[in-house]
Amino acid sequence: MKLITVLKDFSEMKLEEFTNENLTNSFSNIAKTILYDGYIRVRNDYRVYVKTVEFYFHAENDSPIKVYDPIVYHRNGRLGREVPYFPMLTLHAHMSGFDITFENPSLKYRASALIREYAIYDENAKTFIKTKEEHKKDSNKDKIPYDNRSTFLYDFINGFPLTGGQNDIAWEDVATPVSHLEPSSKRRVNVKKYSCTYKDTGEEVLKKLKENDDRPWNFTRINDVWPKVL
């Protein structure tokens, strides 16, 4: 299924469906599409295949939804001001890497999928790039060299045009022939719980807690997209 279709389906959820449990199920469904049914095209140079994706969801103060995830980068108050909503399927670069976003200005929530682990396919060399030193020492040609350094993607996904024309960096919907197995899930990496309350003035009051956030919003594909099927 096309990623934009899956994200639009998510945006049509009813208010009462926005619970942590339902969000986990919905994110698992979106994850399967990201992990199996496409890649990020970087001009005609590279394809970025996602191995692990991590979801974030935060309802703003004036949203009827009461699910909070203050660690979200793109939200009101984080920069001391309100920020506009991204169009659906925007690629957002920030200090931790790249998010595929699907925010909703009507229901006033921020939603995104952080690329946690990936492999980069070189369109010209017709092979995956061995970006880590341990991969360069591995002679197994059929082993995909995954990289879990989220910010290392900056070396490949860059050069956004300022002309307002068609972006050369885009999501491509291409269903892979491998089995679409349920991705494994676990809690997110280095995410703590927060208490999030609001004053009558709308001012946000955050408190970082000692416990880890236990929502299992990190999803990993458990089988490979092999080079021979690309």
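Visitor: What makes the charged end of Arg110 count as sitting over the ring of Tyr85?

Guide: A charge sits over a ring if NZ of Lys or CZ of Arg is within 6 Å of the ring centre and within 35 degrees of the ring normal. The charged end of Arg110 is 3.7 Å from the centre of the Tyr85 ring, which is within the distance limit. Arg221 also lies over a ring face, that of Tyr36, at 5.9 Å from the ring centre. This is a predicted model, where local features need pLDDT of at least 70 and side-chain atom pairs count only at pLDDT 80 or more, while totals for chains, interfaces and linings use all residues. Residues are numbered from 1 along each chain as its sequence is written, and side-chain values use heavy atoms, leaving out hydrogens and water.

Visitor: Why is the pair of Phe10 and Phe102 called edge-to-face?

Guide: Rings of Phe, Tyr and Trp (its six-membered ring) pair if their centres lie within 6.5 Å; planes under 30 degrees apart are stacked, over 60 edge-to-face, and the rest tilted. By this rule there are 19 aromatic pairs. For Phe10 and Phe102 the centres are 5.3 Å apart and the planes stand at 85 degrees, so the pair is edge-to-face. Phe10 belongs to helix 1, and Phe102 to the loop between strand 4 and strand 5, 92 residues apart.

Visitor: And what kind of pair do the rings of Tyr39 and Tyr49 make?

Guide: Their centres are 5.2 Å apart and their planes at 45 degrees, so this pair is tilted. Tyr39 is in strand 1 and Tyr49 in strand 2.

Visitor: How do you know that Arg215 and Asp69 form a salt bridge?

Guide: A salt bridge needs a side-chain nitrogen of Lys or Arg within 4 Å of a carboxyl oxygen of Asp or Glu. The closest N and O atoms of Arg215 and Asp69 are 3.3 Å apart, so the pair meets the rule. The two residues are 146 residues apart in the chain.

Visitor: Is Arg215 buried or exposed, and how do you know?

Guide: Buried means under 20% relative accessible area, exposed over 50%, and partly exposed in between (1.4 Å probe, protein chains only). Arg215 has 11% relative accessibility, so Arg215 counts as buried. Asp69, at 2%, is buried too.

Technical notes:
Helix = DSSP H or I, 4+ residues; strand = E, 2+ residues; numbered from the N terminus.
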